[in-house]
Amino acid sequence: MTIQLPLASQSLIWQTVRNENPVAPEAREAILADPGFGNHFTDHMVDVCWSERGGWHRPRVSPYGPIQLDPAAAVLHYAQEIFEGLKAYRHADGSIWTFRPYENAARMQRSAHRLALPELPSEHFIASLKQLIAVDGDWVPTAPETSLYLRPFMFAKEAFLGVRPAKKVAYYLIASPAGAYFTGGVQPVNIWLSSEYARASKGGTGAAKTGGNYASSLLPQAEAYEHGCQQVLFLDEGKYLEELGGMNIVLVRKDGTLITPESESILEGITRDSVLRLAADRGHLIEQRKVTLDEWREGAASGDIVGAFACGTAAVIVPIGRLLGEDFEIVHNGPQAEELALSLREELTGIQYGRVEDRHGWLVRLDA
Ligand code: PLP
Ligand code: COI
């Protein structure tokens with residue numbers, strides 16, 4: 001069944017209400033010097049309303065603060081919600097850029113379709129990023145490997161308890177200065193294989209960036225922490241590699257081939273796509289196909305698979321040192337895969353921060 005949702009594409013007239021009590025410059029600089037991940041928020045936020053009758057309207061930038069919601073708002077009951085994640089990077093000349101934002105806009109539209117939410121046209125998505133940077137540009141950090149994490153999200157705000165797509169929806173954008181996602185920095189991470197829980201299933205919402213997928217990953221993620229691991233790996237149909245709670249996975253073969261899982265229930269990562277293109281440019285063979293856990297175990301045992309890495313916007317690229325399951329362990333401590341992961345990370349972040357030529361035209365300037 002196709003649900004027809006109006007796709008408003010009229011141009012929007014933005015309004016900005018400045019925060020009268022912004023964080024003091026010294027306090028902001030202290031935050032930017034050591035931002036961590038997801039702890040601090042900028043002085044402003046964006047919101048745009050959508051209604052079935054009026055389409056997208058009332059786009060505005062206003063002081064960051066609590067949202068008033070009716071207790072019957074559908075999102076609180078039926079989780080009709082989606083989000084995105086991308087970053088703003090400060091270049092050496094002070095300018096502010098983001099990376100492949102049209103891909104995030106398109107993915108948000110795909111997520112919206114799956115969650116029966118209205119699709120935000122890409123031009124409004126990009127405009128929202130530029131509007132926020134216009135007032136909060138000072139929040140884009142300058143320290144190496146830091147950035148401003150941009151979190152667009154959309155939810156059903158209509159107060160109605162019947163189960164159907166909401167007729168009133170809100171799009172928001174908030175921003176949070178970011179350093180390393182994992183506290184150890186770019187050290188190899190340990191991954192826990194969840195054999196009891198699945199993240200997604202055929203026909204489900206795995207390919208959409210929707211809160212429910214993350215809610216269902218929290219219990220297995222807690223199990224991962226109990227086992228000394230930082231992330232959890234999920235399987236598809238109990239045997240195929242799928243992805244981690246918040247990142248995609250890539251395996252490295254001795255001959256340099258990169259293998260990454262293909263499945264309709266994986267969130268198609270923009271980082272993964274970019275890294276694989278950079279690797280292909282270097283001459284690596286890329287295989288995107290179904291990969292069984294057994295293939296990884298056997299390949300690791302025979303020496304054909306020399307390592308793996310995780311990739312996503314928040315974590316960028318991080319080598320995987322160990323995969324731990326209930327009754328087995330794969331340990332990768334040779335240098336080949338780790339060196340490759342780190343050199344791809346260096347090239348990708350080099351492009352993002354303007355140190356390396358952007359030969360694919362991936363960067364979009366936000367402050368001009
Ligand atoms: N898979 C999941 C479940 C994620 O949450 C993310 C992060 O956004 C990714 C993969 C990687 O996607 P991207 O590289 O676009 O950030
Ligand atoms: C991202 O990388 O943007 C994500 O959404 C992952 C999340 C774990 C922070």
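Where does Glu237 lie? I found Glu237 in the loop between β10 (231-236) and β11 (240-244), where helices (H or I, at least four residues) and strands (E, at least two) are DSSP runs, numbered from the N terminus. Its phi is near 50 degrees, a positive value in a residue other than glycine, and I noted that Glu237 is exposed, with a relative accessible area of 58% (buried means under 20%, exposed over 50%, partly exposed in between, with a 1.4 Å probe and protein chains only).

Before going on, I recorded that this is a predicted model, in which local features need pLDDT of at least 70 and side-chain atom pairs count only at pLDDT 80 or more, while totals for chains, interfaces and linings use all residues. Residues are numbered from 1 along each chain as its sequence is written, and side-chain values use heavy atoms, with hydrogens and water left out.

I then looked up Ala79, which has a positive phi of about 60 degrees although it is not a glycine; Ala79 lies in the loop between α2 (74-78) and β4 (81-83) and is partly exposed, at 39% relative accessible area.

Next I turned to helix packing. Helix α7 (residues 270-281) and α9 pack at an angle of about 110 degrees, with their axes 10 Å apart (axes are lines fitted to C-alpha atoms, for helices over the stretch in contact, and angles run from 0 to 180 degrees between N-to-C directions). The contact (heavy atoms within 4.5 Å) is made by Thr271, Ser274, Val275, Leu278 and Ala279 of α7 and Leu344, Glu347, Leu348 and Ile351 of α9. Among the residues buried in α9 I listed Leu344, Glu347, Leu348 and Ile351.

Just after α9, I noted that Gly354 takes a positive phi of about 80 degrees.

Key:
Chains lettered and ligands numbered in written order.
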